[in-house]
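Welcome! Take a moment to look over the structure below, and then we will walk through it topic by topic.

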Amino acid sequence: MNVETILAEVLADRERHTPDPDEVLRRVSARTARRVPHRLVVALAAVVVLVLAAAVAAVVLQRRSEPPADPGEPVRPVQEVRSDLRFGWLPDDLAAAASREFGTQGDGPPAKQPYLISSVYAVDEAPVLGEPGWQSFEVGGRPGRIVSRPTRSIADWRLPSGRWAHLEVGYTDHLEPGNRQPGVENDLRRMAASATETEPTTTTARFALPYLPPGCVVVSVGRGTYDVEDDTVEISRIPPDAERVDTTQDGIVDDLWSQQRSMFGVLTVIWTPGTDGFDRTGAGLVREAPVQGLAAWHDSSGLRLLVPGFHGGILELRRLTDRVTGPELHKVAEGLRWTGP
Amino acid sequence: MTFEVHEELSGELRMALTFDEFVAARLPSLSRYAGVLTGDRQLAEDVVQEVLVRAYGKWPRIRSTERPEAYVKAMVTREYLSWRRRLARRAALLAGKGGPPGEPIVADHAADVARRADVAAMLERLSARQRTVLVLRYYEGLTDVEIGDMLGCSAGTVRTYHARALARLRGAMETADPAPMLGEAR
């Protein structure tokens, strides 16, 4: 039996994890402050009432006072800068894919072929040099590190811009017996020497965060993450006792933080244009101290802070763990500065 | 009046489609998809709930799209892939480090059972994106291009995720100690 067949069976078996739709509907209805239908079919009867309720809520929200004006002090924008690598030379077995631009998410040929993954580290990130098994090398006089195993070879080096590049070449089926390949260290060195960084693109949030709890750093800025036009900023706080270095299955010692910093996420700040998604009468919402003069609510868990009417949208702050407290969440919201589109 | 919410409603019918009608028709399907995607009933419930609350607020915009269900399904996928969910996944992954013990293979049927168990275990240990690609291809039957549209990446990237995920599943069928690899989540 081949792996695809087994996989299809395994996935079909996972249907047993399907949640009870009635329970989901009950919880959704509670959160949207709507009449709770006993069965799915009953939900159809509530349409008119709900539309009227939503309309009333929208009118009320539109009458809210405008938020206080920004004091005009310069603030540091919250932004993420992304760039990719282009290669002037590729080995023959990757040359067929040479016309493609390899992206930060990794791009390469289909199964049973060598693969290539390249990316550019975040502006303030760099690999840890001197880890066991890695050799030092230079690209254009700039420092780098390289490691080679029968399964794959990896190189990191500093680009002229100051950011660090990451390059990995391996074999897609290297875990299968007989498919192991020799290291491609020399190829990797040549590819690194031929690489250039693409023009960076910048995503800037429409708000700044002058205050963040100690140890917190912005790791991601996105637009349209949860909806069409939202701004979402994700913030991490690496715990002091976090595991820093790990060893992969094929024996490569690597830095966990630089690769998976977002795994230590503690806080998400979302601004969504429009206020039609908010219903102050929603079950579980509790009024709390105003934020920048606007009425604010938190949910029953205390993990979400909602500020409707913030510059024509809904400001939402979510703390993911107790490592950010409710007062800290409120302080982040209070300090948040609107910088505009 | 009842609605059958098909993928390709006419524009007029789409605009008349209420949120409740959509939910009544599609919640079971969305819940099943979330269950297969997450492999965790509680997480699936949380994901679908979160998405529907958001979809409720944006329903006029969503129903004006060509395929409302595909849009909401993409929201489910994104919600699952969001780092907040991966945070929980990572905890599970580290807790399971070392891999499940292999089962003795004594006959063809037993071998299939053991392989299925190994593949199921390794599926849990893939990166969230790799697992999502496999679910979208082998459960939802989407093409690389459709998966790329949903995940916001190229078809080539989807093929890479797919190839590497399958390689690890094949490895799980051959070895009894699949360990997580780094280099997937940069």
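A residue is called buried when its relative accessible area is under 20%, exposed when that area is over 50%, and partly exposed in between. Keep this in mind as you read, and remember that this is a predicted model.

**The two chains at a glance**

- Chain A contains seven helices and 20 strands, whereas chain B has 10 helices and zero strands.
- If you follow chain B from its N terminus, the elements read α-α-α-α-α-α-α-α-α-α.
- Of the 341 residues in chain A, 52% are buried; of the 186 residues in chain B, 57% are buried.
- The accessible surface of chain A is about 15,200 Å², with 54% of it belonging to carbon and sulfur atoms.
- For chain B, the accessible surface is about 7,300 Å², and carbon and sulfur atoms hold 53% of it.
- Take the contacts in chain A between residues at least 6 apart in sequence: 59% of them join residues at least 24 apart.
- In chain B, residues 24 or more positions apart account for 66% of the contacts with a separation of 6 or more.

**How confident is the prediction?**

- Chain A has a mean pLDDT of 73, and 66% of its residues reach 70 or more.
- Which element of chain A has the lowest mean pLDDT, and which the highest? Helix H3 (residues 47–62) has the lowest, at 26, and strand S10 (residues 207–208) has the highest, at 95.
- Over residues 97–112 of chain A, pLDDT stays under 50, and the model has 50 contacts beyond four places in sequence for this stretch.
- Residues 172–180 of chain A also have pLDDT under 50, with 25 contacts beyond four places in sequence in the model.
- Where pLDDT is low, the predicted coordinates should not be read in detail.

**Salt bridges**

- Side chains of opposite charge can pair when their charged atoms come close.
- Counted over all chains, there are 16 salt bridges, with a side-chain nitrogen of Lys or Arg within 4 Å of a carboxyl oxygen of Asp or Glu as the cut-off.
- One of them links B:Arg170 with A:Glu4, where the closest N and O atoms are 3.5 Å apart. B:Arg170 sits in helix H10 (residues 155–174) of chain B and A:Glu4 in helix H1 (residues 3–13) of chain A, so this pair joins two chains.
- Is B:Arg170 buried or exposed? Its relative accessibility is 14%, so B:Arg170 counts as buried. A:Glu4, at 26%, counts as partly exposed.
- A:Asp13 and A:Arg16 form a salt bridge with an N to O distance of 3.0 Å. A:Asp13 is partly exposed, at 41% relative accessibility.
- B:Arg159 and B:Asp144 form another salt bridge, 4.0 Å from N to O. B:Arg159 belongs to helix H10 of chain B and B:Asp144 to helix H9 (residues 144–151) of chain B, so the pair ties together parts that are 15 residues apart in sequence.
- B:Arg159 is partly exposed at 26% relative accessible area, while B:Asp144 is buried at 15%.
- A:Glu131, A:Arg145 and A:Asp156 are joined into one network by salt bridges that share partners.

**A pair of strands in chain A**

- Strand S5 (residues 142–148) and strand S6 of chain A run antiparallel and are joined by five bridges.
- What is the bridge partner of A:Gly144 in S6(A)? The partner is A:Trp157.
- Strand S6 (residues 152–158) of chain A has six of its seven residues buried, so it is largely enclosed by the rest of the structure.

**One side of a helix**

- In H1(A), the buried residues are A:Val3, A:Ile6, A:Leu7, A:Val10 and A:Leu11. They cover an arc of only 135° around the axis, so they lie on the same side of H1(A).
- An α-helix has 3.6 residues a turn, so residues three or four places apart point the same way.

**A closer look at A:Thr272**

- A:Thr272 lies in strand S15 (residues 265–273) of chain A, and A:Thr272 is buried, with a relative accessible area of 10%.
- Leaving out residues up to four places away in sequence, A:Thr272 touches A:Asp230, A:Gly313, A:Ile314, B:Arg54 and B:Lys58.
- A:Thr272 and A:Glu316 are 44 residues apart in sequence, and their C-alpha atoms are 8.2 Å apart in space.

Methods:
Residues numbered from 1 in each chain as written. Chains lettered and ligands numbered in written order. Predicted model: local features only at pLDDT ≥ 70, side-chain atom pairs only at ≥ 80, totals over all residues. Heavy atoms only, no water. Helix = DSSP H or I, 4+ residues; strand = E, 2+ residues; numbered from the N terminus. Buried < 20%, exposed > 50% of the residue type's maximum accessible area, 1.4 Å probe, protein only. Pairing = 2+ DSSP bridges. Contact = heavy atoms within 4.5 Å. Areas by Shrake-Rupley, 256 points an atom, 1.4 Å probe, with all protein chains shown as cover. pLDDT = per-residue confidence, 0-100. Arc of directions from axis to C-beta.
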